[in-house]
Amino acid sequence: MGFIDVLKDRARANVKTIVLPETEDMRTLDATEKILKEGIAKVVLVGNEETVKKSAAEGGFDISGAEIVDPATSEKTQGYIDKLVELRQKKGMTPEQAKDILLNQYLYYGVMMVKMGDADGMVSGAIHSTADTLRPALQILKTAPGTELVSSFFIMVTKTPQYGDDGILLFADCALNQNPNPAELACIAGDSAKSYNAFIGKE
C-alpha cells in the first residue's frame, strides 16, 4: 500500500471537517468531489452558494455532499466578527474592518471556522501564496506551544527506496524562510523530524 493510500485510510478512520476556502478555483471543486467520493473528510466550501454550484456544474463536479457556507448570509458570521475583533483589538481591529475581512477574504473566514470549533482544519494554497495562507492562521490560531520558528514542508514520494523511508522524503523549508541562519536551520530540522514522524510514523 502506497503512502497516499495509508493517509487516506487514516483519514477515513477518523473523519474530520475540512474547510476549502478557494472555491473560485476549479481544482478545489474537483478535489471536493474526490474527497467526498472516497469518504476521507467532510468538506465545507466557503462562498456564494449559487456561484459555487454553478461553477461545479460547469466543471462537471458533483459537490452535493459538501456544505456551502456563504459569509454574507451565515448566521454565524456575526459571532466570527465579534471574535476577530476581540482577538485583534490590540492591533486596532474594528468591527467594520473585521466584517470587511470576513466577507471578502475567505481564508480568514475558514480560519475563524476552525478557531470557533466549526471545522477541524483548513486547506489552502491553490491560488494563495504560502505567506497569504499562513497569515490568518498565525494571527488567529497562533502556533503550537514551544514553537520557536514557523516553517513549511512538503513530502515527496520517490522511486529511490534507499533514501528516506522506502523513498518517502520530507523537504523543508522550501517556501517560507529565506536564508535561515544555523539556529533557524536547527529549529526547522527539529520540527521537520516531528512532522515526518507524525505523517510517516518513522524517525
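The buried residues of helix α7 pack against α4 and α6. This is a predicted model.

**Helix α7**

- Helix α7 covers residues 130-140.
- Its buried residues are T133, P136, Q139 and I140.
- Viewed down the axis of α7, these buried residues fall within an arc of 150°, so they line one face of the helix.
- Just after α7 comes K142, which has a positive phi of about 70°.

**Helices α4 and α6**

- Two packed helices are described by the angle between their axes and the distance between the axes.
- Helix α4 spans residues 77-88, and helix α6 spans residues 106-115.
- Their axes come within 10 Å and cross at roughly 90°.
- Angles of 65 to 115 degrees count as roughly perpendicular, so α4 is roughly perpendicular to α6.
- On the α4 side, the contact involves T77, Y80, K83, L84 and L87.
- On the α6 side, Y109, M112, M113 and K115 meet them.
- By type, the residues of this contact divide into 6 nonpolar, 1 polar and 2 charged.

**The sheet**

- In general, strands of a sheet pair through backbone hydrogen bonds, either parallel or antiparallel.
- Here, 4 strands form an open sheet, and the pairing is parallel.
- The strand order is β3-β2-β1-β4.
- β3 (67-69) and β4 (121-122) stand at the edges.
- Each edge strand has a single partner, so one side of each is left without a neighbour in the sheet.
- Strand β1 (residues 17-20) runs parallel to β4, and 2 bridges join them.

- T32 is one of the residues of helix α2.
- Is T32 buried or exposed? T32 has 0% relative accessibility, so this residue counts as buried.
- What does T32 touch, not counting residues up to four places away in sequence? Its contacts are L20, V43, L45, I63 and A66.

Notes. Residues numbered from 1 in each chain as written. Predicted model: local features only at pLDDT ≥ 70, side-chain atom pairs only at ≥ 80, totals over all residues. Heavy atoms only, no water. Axes fitted to C-alpha atoms, helices over the stretch in contact; angles between N-to-C directions. Parallel < 35°, antiparallel > 145°, perpendicular 65-115°, else oblique. Contact = heavy atoms within 4.5 Å. Nonpolar A, V, L, I, M, F, W, Y, C, P; charged D, E, K, R; others polar. Pairing = 2+ DSSP bridges. Buried < 20%, exposed > 50% of the residue type's maximum accessible area, 1.4 Å probe, protein only. Arc of directions from axis to C-beta.
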